[in-house]
Amino acid sequence: MNGLLALHERPTESASWRIALPHTAAAVPVARALVRSALAGVEHTADCDTAELLTAELVANAVEHTAGSGPIELVVELRPSGCQVEVHDPDPAPPGHLTRPVIEEPDPWQEGGRGLLLIRALSSSCGHRLTSSGKAVWFRLPVVPAQRRSA
């Protein structure tokens, strides 16, 4: 981790964390824990439960839908306006229906197919961009006042 916010106030500048994760399902709980730790030390920040859920979806998608055994990377950035989470993977292909209109609803009997819908519905914005080694898929969450956040 390269950012440590010692004050329990909204950050006036960005603080960020970057970590390489294994290209396995074991990456999901590690990513959730990193997001929880990053957001826990800041009083005025984004909703931690939502950030954990959406991070888990991005990491699980990167593990499940990209080939190779190389690591994926998680980047968490705290900003005065909220937080941004990115997951970098080696596949340059766009992530399904993240930014395109959904043509058909997921089958309610299927186990998967709702992750990108959750990200679109619960984040203030989301998207993807090409990187030199594949792509980064990201979402943003706004600051939630302390009295509206769950304890």
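Reader: What makes β2 and β3 a hairpin, and through how many residues are they joined?
Author: In this predicted model, β2 and β3 are joined as a hairpin through 2 residues; both are strands in the sense of DSSP runs of E with at least two residues, numbered from the N terminus. Residues are numbered from 1 along each chain as its sequence is written. The model being a prediction, local features need pLDDT of at least 70 and side-chain atom pairs count only at pLDDT 80 or more, while totals for chains, interfaces and linings use all residues, and side-chain values use heavy atoms, with hydrogens and water left out.

Reader: What joins β2 to β1?
Author: Strand β1 (residues 15-21) is joined to β2 (residues 72-79) by 7 bridges, again with an antiparallel run, and R18 has V75 as its bridge partner in β2.

Reader: Why are β1 and β4 said to stand at the edges?
Author: The open sheet has 5 strands in the order β1-β2-β3-β5-β4, with antiparallel pairing. Because β1 and β4 (125-131) each have a single partner strand, one side of each is left without a neighbour in the sheet. From one strand to the next, the twist averages 15°. The partner of β4 is β5 (residues 134-142), to which 7 bridges join it in an antiparallel run, with R129 opposite A136 in β5.

Reader: Where does helix α1 lie, and what is its angle to β2?
Author: Helix α1 (residues 27-40) lies across β1, β2 and β3 and runs at about 15° to β2, where angles run from 0 to 180 degrees between N-to-C directions and axes are lines fitted to C-alpha atoms, for helices over the stretch in contact, contact meaning heavy atoms within 4.5 Å.

Reader: How do you know that the charge of R140 sits over the ring of W138?
Author: The definition asks that NZ of Lys or CZ of Arg be within 6 Å of the ring centre and within 35 degrees of the ring normal. The charged end of R140 is 4.4 Å from the centre of the W138 ring and counts as sitting over it.

Reader: What share of the protein is called buried?
Author: Of its 151 residues, 40% count as buried, that is, under 20% relative accessible area with a 1.4 Å probe and protein chains only.

How values were computed. Two strands pair if DSSP finds at least two bridges between them. Helices (H or I, at least four residues) and strands (E, at least two) are DSSP runs, numbered from the N terminus. Buried means under 20% relative accessible area, exposed over 50%, partly exposed in between (1.4 Å probe, protein chains only).
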